[in-house]
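Hi,

Here is the structure you asked about, ready to open in your viewer.

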Amino acid sequence: YLHCEAIHVAPGVRICEHIKMTLIYWHDAALNHVTPPGHPERVARAEAVTAALSELDGLDWRDAPLADRAEVLRCHPESYYEGIEAAIPTEGYVSLDADTHVSPGSLDAAMRALGGCVSAVDAVLAGGDKTAFVAMRPPGHHAETATAMGFCLFGNAAIAAKRALDHHGLSRVAVLVFDVHHGNGTQDLLWEEARTLFCSSHQMPLYPGSGGAHETGAVDNVINAPLAPMSGGAEMRKAWGDIILPAVDDFAPELVIISAGFDAHANDPLAILKWTAEDFRWVTGAICKVAEAHAGGRVVSTLEGGYDLDALAASTAAHVRVLMERGA
């Protein structure tokens with residue numbers, strides 16, 4: 001029998017040391033980023049995700065640490081960080097725009113969401129575990145170089161990619177988004193970064209209004225595959241199978257980072273695509289297959305959107321189950 005030793009993990013979960021598992025980065029600071037009543041990006045999202053994941057065996061739960069400010073500066077100017085820091089209230093809420101709000105615990109939560117992504121990259125590239133999921137909030141894929149928007153403060157996925165490139169010396173990192181909303185922030189942060197390939201499928205037209213197929217990046221490193229409203233899994237699989245996955249295969253990434261939004265689900269209130277949990281399972285498996293071909297199976301995924309709690313829980317669990325199967 002393999003020796004098992006309990007370490008600090010989510011309540012009721014034990015892990016076995018020396019066994020390769022999918023890493024889950026979490027910290028209860030995610031519960032302290034409080035948005036105004038009725039806001040879709042709410043504390044209950046984190047509770048639904050962690051409850052669903054706690055039902056799965058074979059996860060290695062790790063604390064999402066605070067990121068160093070230097071990690072933010074990989075993609076954002078220092079003045080931007082200082083502006084976010086200055087906006088944090090001692091009580092109540094401050095609105096950065098009509099959709100994006102901060103409360104007293106927001107900066108800590110955001111820096112731990114980023115810290116989870118940075119730590120996940122470090123761990124996966126260390127050569128042990130192959131796959132990791134960062135179950136934190138607030139999300140990040142709408143945060144542009146100097147603009148907080150779309151519920152997002154820092155560009156977590158883009159910063160994680162820069163960490164892999166500049167700190168670990170990788171040459172090619174793919175950042176893939178299947179959130180229902182275009183990852184305009186990640187696209188902005190990586191627009192001129194030739195060592196990355198950014199690919200996004202998303203409903204169009206829809207917020208934030210970007211993501212047309214003609215947006216290809218400064219160095220042909222951006223691929224957008226917009227999906228028509230009311231389209232479902234068949235259309236998604238064609239877009240990924242015909243457009244995105246072949247491009248990723250040609251790029252041959254050494255690491256794949258996923259911005260995992262689950263708001264393309266048919267039950268989500270913020271959009272009108274018709275995906276099911278099975279569609280998220282399929283696209284995750286297809287991404288992992290490309291990662292196995294070129295990146296040694298190394299995949300870091302981070303939570304983005306998803307606002308129907310039941311759909312979010314089921315879709316996240318389906319996504320992470322595939323990471324577990326592929327990472328074993």
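Below is what I found in it, from the overall fold down to single residues.

First, some ground rules. This is a predicted model, in which local features need pLDDT of at least 70 and side-chain atom pairs count only at pLDDT 80 or more, while totals for chains, interfaces and linings use all residues. Residues are numbered from 1 along each chain as its sequence is written, and side-chain values use heavy atoms, with hydrogens and water left out.

The overall picture

The protein has 9 helices and 10 strands (DSSP runs, numbered from the N terminus: H or I of at least four residues for helices, E of at least two for strands). Its radius of gyration is 18 Å, close to the 20 Å that the globule rule gives for 328 residues, so the protein is as compact as a globular protein of that length. That radius is taken over C-alpha atoms, and the rule is 2.2 Å times the number of residues to the power 0.38. Along the principal axes, the C-alpha trace spans about 55 × 50 × 40 Å.

Of the 328 residues, 60% are buried (under 20% relative accessible area; exposed is over 50% and partly exposed in between, with a 1.4 Å probe and protein chains only). Among contacts (heavy atoms within 4.5 Å) between residues at least 6 apart in sequence, 76% join residues at least 24 apart.

The largest nonpolar core has 98 residues, and Leu53, Phe133, Phe154, Phe178 and Leu255 touch the most other members. Such a core is a set of buried Ala, Val, Leu, Ile, Met, Phe, Trp, Tyr and Cys residues joined through side-chain atoms within 4.5 Å. Helix α4 (residues 106-125) supplies the largest share of this core, 12 residues.

Helix α8 (residues 277-294) has 18 residues and reaches 26 Å from first C-alpha to last, close to the expected 26 Å (1.5 Å times one less than its number of residues). Its buried residues include Phe280, Val283, Ile287 and Val290. The buried residues of α8 pack against β6 (173-177), α7, β9 (255-260), β10 (299-303) and α9 (309-327). Just after α8, glycine 296 takes a positive phi of about 65 degrees.

Most residues other than glycine have a negative phi, and most peptide bonds are trans. A cis peptide bond joins arginine 137 to proline 138, with omega about 5 degrees. Another cis bond, between tyrosine 207 and proline 208, also has omega of about 5 degrees; proline 208 is in the loop between β7 (196-203) and β8 (222-227).

Aspartate 220 is not a glycine but has a positive phi of about 55 degrees. This aspartate lies in the loop between β7 and β8 and counts as exposed at 64% relative accessibility. Methionine 230 has a positive phi too, near 75 degrees, and is found in the loop between β8 and α7 (233-251).

Best wishes
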